Amino acid sequence: MGDLPPDLDRLRTLETWLVLSLLRVREQIAAVERPARPEGASRPPAAARPARPRRTPTPDWGISTAGIGAPVAEIHRGDCFAGGKPLQPISTERARAELADGVQACGVCRPDSVLNRP
């Protein structure tokens with residue numbers, strides 16, 4: 001990395017130039033692709049577009065496993081931020097069953113209040 005300037009001001013200038021250059025290249029690519037498209041097509045075919053990463057849907061309910069930093073398993077709402085790590089998605093029925101079997105409910109999202117814990 002010795003070919004880059006050492007100070008932040010020049011690095012930011014270089015970054016700006018690179019971003020603008022990339023935008024110009026992308027505009028030129030789009031201009032070259034335009035005549036190659038069939039008439040009336042507004043977007044390139046799916047095979048020509050880069051694939052977007054698919055986001056997994058948020059589950060309604062999830063269970064966090066016990067481990068380091070989490071001494072016990074907990075039931076959470078799927079969108080709960082307090083889990084701290086990815087939740088294993090579970091069905092509503094399983095969430096109710098786990099709560100009935102004594103698995104702890106998250107104190108933040110309170111799934112037991114929604115699932116009518118017995």
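This is a predicted model: local features need pLDDT of at least 70, side-chain atom pairs count only at pLDDT 80 or more; totals for chains, interfaces and linings use all residues.

I start with the salt bridges: Asp-7 pairs with Arg-10, and their closest N and O atoms are 2.5 Å apart. Asp-7 has a relative accessible area of 27%, so it is classed as partly exposed.

How many salt bridges does a search of the whole structure find? The count is three.

The next one sits in a helix. Arg-94 and Glu-98 are both part of helix H2, residues 92-100, and lie four residues apart, about one turn of the helix. Their closest N and O atoms are 3.1 Å apart. The cut-off for buried is under 20%.

That leaves Asp-112 and Arg-110, which form a salt bridge with closest N and O atoms 3.1 Å apart. Here Asp-112 is buried, at 13% relative accessibility, and Arg-110 is partly exposed, at 41%.

Now to Ser-64. This residue belongs to strand S1, which covers residues 61-64. Its relative accessible area is 4%, so Ser-64 counts as buried. What does Ser-64 touch, leaving aside neighbours within four places in sequence? Its contacts are Ala-73, Glu-74, His-76 and Leu-87. With His-76 there is also a polar contact between the side chains, at 3.4 Å.

Notes:
Residues are numbered from 1 along each chain as its sequence is written. Side-chain values use heavy atoms; hydrogens and water are left out. Helices (H or I, at least four residues) and strands (E, at least two) are DSSP runs, numbered from the N terminus. Buried means under 20% relative accessible area, exposed over 50%, partly exposed in between (1.4 Å probe, protein chains only). A polar contact is a pair of N or O atoms within 3.5 Å; within protein, one must be able to donate a hydrogen and the other to accept it, and residues adjacent in sequence count only if both atoms are side-chain atoms. Contact means heavy atoms within 4.5 Å. A salt bridge is a side-chain nitrogen of Lys or Arg within 4 Å of a carboxyl oxygen of Asp or Glu.
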